[in-house]
Amino acid sequence: MRGATDPEGRANRWRRRLTRAAVLALAALLLASLPWLWTTVAARGHAYDEAGAPAADVVIVLGTAVAADRRQPGERLTGRLETAAELVHSGRARVILVSGDGGGTSGDEPAVMTSYLTGRLGVDPRRVVADPFGLDTYDSCARARDVYGIERALIVTQSYHLSRAVTLCRHLGLDAEGVTARCPGCGPALLVGKTVRDYFASGKAAWDAVRRRPPAVRSPADPAVQDALKG
């Protein structure tokens, strides 16, 4: 009898262990996904395509890598700038705040963005303000509020980044609405890769939001955006 029942007992024990492992793995996955769920749910109802974007005085363009020559925007940054310029030309925004890393590894993001907007895209230089210390999405949102005195804005970035950007800005007190940027060169593989990257980046976003960390660079109030709106 023992010989007949032992294999069955061992099989039952393995099944129980596998079930426990599966439950723990599922619980870990759900826990790891909470930040991504937060950014996704919180941004719901606050994201628009370019044609359906609402009006706001200010549009914030979040920086990303510039081209290899360090003088032109990269493809995805070009898409963001084209979208922001269209919002201004169509009268749905008045001033553009370009926020990025002035000492980035690929180049000076705000300087390149400003040059492209005022040159190639024909935006009035008096309507463009540059923040060289928007070192990440959280910092860009916090500085827009604290340094530049912005209360309401459109946030322009690509679809894979939009929910996280909108959620962070709204969490930090900005009345932010997201506008999906054009995405030249964004094939399926790139979009999947960027979406996965943003899934993991949402964990840092949630941690920054929970502890209300200050931006990496603190600056005194800058009236540049308010002055541009008066012009």
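**Entry 1: helix α6**

I looked up the buried residues of α6 and found Asp198, Ala201, Ser202, Ala205, Ala206, Asp208 and Ala209. Buried means under 20% relative accessible area, exposed means over 50%, and partly exposed lies in between, with a 1.4 Å probe and protein chains only. I note that this is a predicted model: local features need pLDDT of at least 70, side-chain atom pairs count only at pLDDT 80 or more, and totals for chains, interfaces and linings use all residues. Residues are numbered from 1 along each chain as its sequence is written, and side-chain values use heavy atoms, with hydrogens and water left out.

I took helices and strands as DSSP runs numbered from the N terminus (helices H or I, at least four residues; strands E, at least two). Helix α6 covers residues 188–211, 24 residues in all. From first C-alpha to last it reaches 35 Å, close to the expected 34 Å. That expectation is 1.5 Å times one less than the number of residues.

I then checked for a bend, and α6 has one of about 30° at Phe200. The angle is taken between axes fitted to the seven residues ending there and the seven starting there. After α6 comes Arg212, with a positive phi near 50°.

**Entry 2: aromatic pairs**

I found two aromatic pairs in the structure. Ring centres must lie within 6.5 Å, using the six-membered ring of Trp; planes under 30 degrees apart count as stacked, over 60 as edge-to-face, the rest as tilted. Trp36 and Tyr199 have ring centres 6.2 Å apart and planes at 50°, so I logged the pair as tilted. This pair links distant parts of the chain, with Trp36 in helix α1 (residues 2–42) and Tyr199 in α6, 163 residues apart. Tyr199 and Phe200 have ring centres 5.2 Å apart and planes at 85°, so that pair is edge-to-face. Trp36, Tyr199 and Phe200 form one aromatic cluster.

I also checked accessibility. Trp36 is partly exposed at 34%, and Phe200 is exposed at 62%.

**Entry 3: nonpolar cores**

I looked up the largest nonpolar core and found 26 residues. Such a core is a set of buried Ala, Val, Leu, Ile, Met, Phe, Trp, Tyr and Cys residues joined through side-chain atoms within 4.5 Å. Val58, Ile60, Leu97, Ile150, Ile155 and Val225 have the most contacts inside it. Elements supplying at least two residues each include α6, β2 (58–62) and α7 (224–230). The most comes from α4, with four residues. Apart from this core lies another of 25 residues, among them Ala53, Val61, Val128 and Val179.
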